[in-house]
Amino acid sequence: QVQLEEFGGGLVQAGGSLRLSCAASGRTFDSSTMGWFRQAPGKEREFVAVIDYTGRTTYYTDSVKGRFTISRDNAKNTIYLQLNSLNPEDTAVYYCAASRRNYSGGSYFSSRNMYESWGQGTQVTVSS
């Protein structure tokens with residue numbers, strides 16, 4: 001199983017940017033599909049983005065397309081989420097997640113049930 005820890009959250013003004021990181025430990029990281037989710041106060045945890053083990057295939061929820069970018073560096077056992085053009089609706093705790101299942105494209109990895117390992121989350125707060 002992969003152990004995950006997120007970094008990089010904080011307070012930012014609307015229109016600003018942040019870069020989140022998720023450090024993984026465990027020998028299966030470079031074969032794992034990785035995802036980012038977020039949970040706003042009083043809301044369900046929702047899917048944000050997913051990346052396959054090679055880093056070549058990604059998928060985003062509609063609300064972040066063109067603003068957020070998911071990437072990975074397998075040599076560093078780390079994935080990233082670049083958040084640009086932030087707005088107050090992006091305020092949430094952001095979680096990274098790992099899956100042993102292979103991802104080949106499409107939306108089916110937007111389900112939380114596809115992932116076995118989760119980090120503790122990092123808070124992102126966007127002020128208006």
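**View 1. Arg 101 lies in the loop between strands β9 (92-99) and β10.** Strands here are DSSP runs of E with at least two residues, numbered from the N terminus. The model is predicted: local features need pLDDT of at least 70 and side-chain atom pairs count only at pLDDT 80 or more, while totals for chains, interfaces and linings use all residues. Residues are numbered from 1 along each chain as its sequence is written, and side-chain values use heavy atoms, with hydrogens and water left out. Arg 101 has 38% relative accessibility and therefore counts as partly exposed (buried is under 20% relative accessible area, exposed over 50%, partly exposed in between, with a 1.4 Å probe and protein chains only). Its side chain comes to 2.9 Å from the backbone oxygen of Met 114. Apart from neighbours within four places in sequence, Arg 101 is in contact with Thr 33, Phe 109, Asn 113, Met 114, Tyr 115 and Glu 116 (contact means heavy atoms within 4.5 Å). Glu 116 is 15 residues from Arg 101 along the chain, and their C-alpha atoms are 9.5 Å apart.

**View 2. Ser 117 sits in strand β10, residues 117-118.** Ser 117 counts as buried because its relative accessibility is 5%. A polar atom of the Ser 117 side chain lies 3.2 Å from the backbone oxygen of Val 2. Not counting residues up to four places away in sequence, Ser 117 touches Gln 1, Val 2, Leu 4, Cys 96, Ala 97 and Ala 98.

**View 3. The largest pocket holds about 160 Å³ of space.** A pocket is an open set of points on a 1 Å grid over the protein atoms alone, where a 1.4 Å probe fits, with protein on both sides within 12 Å along at least five of seven lines; lining residues have an atom within 4 Å of a point. The volume is the space filled by probe spheres set on the points, which are joined across faces, edges and corners. Among the lining residues are Arg 38, Gln 39, Lys 43, Glu 44, Pro 88 and Thr 91. By class, the lining has four nonpolar, two polar and five charged residues.

**View 4. The protein as a whole has zero helices and 11 strands.** The radius of gyration is 13 Å, close to the 14 Å that the globule rule gives for 128 residues, so the protein is as compact as a globular protein of that length (the radius is taken over C-alpha atoms, and the rule is 2.2 Å times the number of residues to the power 0.38). Of the 128 residues, 43% count as buried.

Terms used. Nonpolar A, V, L, I, M, F, W, Y, C, P; charged D, E, K, R; others polar. Helix = DSSP H or I, 4+ residues; strand = E, 2+ residues; numbered from the N terminus. Polar contact = N/O pair within 3.5 Å; in protein donor to acceptor, adjacent residues only side chain to side chain.
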